[in-house]
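Hi,

Here is the structure I promised to pass on.

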Amino acid sequence: MAELVPGARLSAGDGVDPDFFGYRDLLDDDDRKLLAGLREWLETNLAPIVDDYWSRAEFPSQLVASLAELDVMGLSLDLPDRPARSRLLGGFVGLEFARIDASFASFYGVHSGLAMGTIAQCGSDEQRERWLPAMRRLELIGAFGLTEPHGGSDVAGGLETTARRDGDDWVIDGAKRWIGNGTFADLVMVWARDVADDEVKCFVVEKGMPGFTAAKMEGKVALRITQNADLTFDGVRVPEANRLQNANSFHDTNSVLRATRGSVAWSAVGVQTGVFEVAAQYARDREQFGRPIGGFQLIQAHLAGILGNLTASLGMAVRGAQLQDDGVFEDAQGALAKSFCTTRLRESVAWARELMGGNGIVLEYGMARYFNDAEALYSYEGTREINSLIVGRAITGESAFT
Ligand code: FAD
C-alpha cells in the first residue's frame, strides 16, 4: 500500500491542469513569467511555514522584505512610478497567493487593492506621490477601515465614526472593527462622516497618531494569519493633507469596493485551485478496499464537481477583470462575482474535506485551513445576502435592503 504524504498536491503535468480551460493563455509571456516567479516564491517561502503560523494566529512579517522584491503590489494601478499592468494579471497574482494561503491573499488584497486602491482612486496627485511608491515597495503597509462595531452590512447608512474640521486639522472620533493588517499597518484609510455636511470622507490615519489604538481580535477560526483589529479613534487629529481629496461621499467608497469585490472572486478561485490540487492528489494516494479511493465513482463526482466550480469561478473572474480593464465593470457584476465564486468555494471545499475523511480536518493534510478560511471569504466585502441584494436590485429595479 502506498504511503500517504501529508499535504501533497497534484504536480504540474500530472493529471489535469486546474486551469482546465486554459485561461492563462490570455496572458503574455512576461505576465506568465512574473506568475511563475511568484509561485516559486510562495512555494519556497510561505508553504512550508503556513500551517504553523495559522495555528499560532501570527503573521510571518519576516517575509515582507523578500516579498517586496517581487514588486507585485499595486500591479494593476496606475502608480506615479509605474504604469498599470492589466487587471487580469493582478487577478492571477491574487489567485497565486490564495492557492497557497487565503490569509496572505487577504494581506495582498487589503494592502494592494483596498488601501493602495483607495489612494490611487481618491487621492490627489500629491497624495499619490507621497504614499503609493513607498506602499509599492512595502515600506509602508496599508489597511482599510470601513466596518464598525455597529455598522457591518449597513455601514453606508450606519457609519458612526465622525470627522470634525478644526483649523488645518480634522478630529476623528469613533471605532472600527475587523480591520485586516490593522495591528501593524502604517497607514489606515479611515472612512468617517463629516459632521458639517453628513458626507462620508476618507482620512489617512498614521500609526502612532495620538488617540489612535489598534487591538488584535482574538479567537478567529478562519484566516488566522490575517491580523484583524479593533481600532479606536479618540480625538485623533489628522491634518487636512491626510484627507483624500477626491473621496467626497459613500459613492467613492463603493467605487473602491466594486474593484476589490472582483479581487475576492480571484481569491475564491485561488483557494479552489489549492483545494483541487490537494484533493486530487489525495484521491490518487489514499487506498481503501484495496484500491485508490480515486477509483470510486462517488469520489470522482466530487473531484469533477470541484473542477467545475473552479472553472466556472475562474471564467467569471477573468471576464470581470477584462471588463475592469475596459472600464465598464458594474457594481452588480462585482457583487455577483464575489458572491457566486465564494459560494462555489464553500461547496468545493466541503466536498474536498469530505473526500479526505478524517484527514480533511487535520491541518498537516492541507485541507483544514482552506476549509476554515473559506468561511471568511464568504462573509467579508459584503456577505452573500448583501451582494445578492445588489444583484437583485439590478435585476428587478427594486431595492430590498430594508
Ligand atoms: P452583519 O451586517 O451583522 O450581518 C449579519 C447577517 O445578517 C449576515 O448574514 C448578513 O448577510 C445578514 N443581513 C444583514 N442585513 C441584511 C439584509 N438587509 N437582508 C438580508 N440579510 C441581511 N471590514 C473593513 O472595513 N476592513 C477590513 O479589512 C475587513 N476585513 C475583514 C476580514 C474578515 C476576516 C472579516 C470576517 C470581515 C472583515 N471586514 C472588514 C468586515 C466585513 O466586511 C463585514 O464582516 C461584512 O460586511 C459583514 O458585516 P457583519 O459581520 O457586521 O455582519
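Predicted model: local features only at pLDDT ≥ 70, side-chain atom pairs only at ≥ 80, totals over all residues.

**Domains**

The protein chain splits into two domains: domain 1 takes residues 1-140 + 250-402, and domain 2 takes 142-249. Their C-alpha centres are 26 Å apart. On the domain 1 side 43 residues take part in the contact, and domain 2 brings 35 residues to it.

How much area is buried between domain 1 and domain 2? It comes to about 3100 Å², and carbon and sulfur atoms account for 66% of that.

As for polar links, 20 residue pairs are in polar contact across the interface of domain 1 and domain 2, counting pairs with both residues at pLDDT 80 or more. Helix α5 has the largest share, with twelve residues. Sorted by class, this side of domain 1 has 23 nonpolar residues, 13 polar ones and seven charged ones.

The count of salt bridges between domain 1 and domain 2 is one. In a salt bridge between Glu206 and Arg130, the side chains come to 3.3 Å, N to O.

**Ligand**

There are 20 residues around the ligand, and those that come nearest are Phe144, Thr147, Ser153, Thr383 and Phe401.

- Phe144 has a backbone N or O atom 2.8 Å from a nitrogen atom of the ligand.
- Gly180 has a backbone N or O atom 3.0 Å from an oxygen atom of the ligand.
- Glu385 places a polar side-chain atom 2.9 Å from an oxygen atom of the ligand.

**Salt bridges**

The structure as a whole has 29 salt bridges. One of them pairs Arg24 with Glu96, with 2.9 Å between the closest N and O atoms. Which parts of the chain does this pair link? Arg24 sits in the segment before α1 (29-46) and Glu96 in helix α4 (residues 87-100), so to speak distant parts of the chain, 72 residues apart.

Over to you now, and do write back with any questions.

Cheers

Terms used:
Residues numbered from 1 in each chain as written. Heavy atoms only, no water. Domains from an automatic or database assignment. Contact = heavy atoms within 4.5 Å. Buried area = accessible area lost by both parts, 1.4 Å probe. Salt bridge = Lys/Arg side-chain N within 4 Å of Asp/Glu carboxyl O. Polar contact = N/O pair within 3.5 Å; in protein donor to acceptor, adjacent residues only side chain to side chain. Helix = DSSP H or I, 4+ residues; strand = E, 2+ residues; numbered from the N terminus. Nonpolar A, V, L, I, M, F, W, Y, C, P; charged D, E, K, R; others polar. Near = heavy atom within 4 Å.
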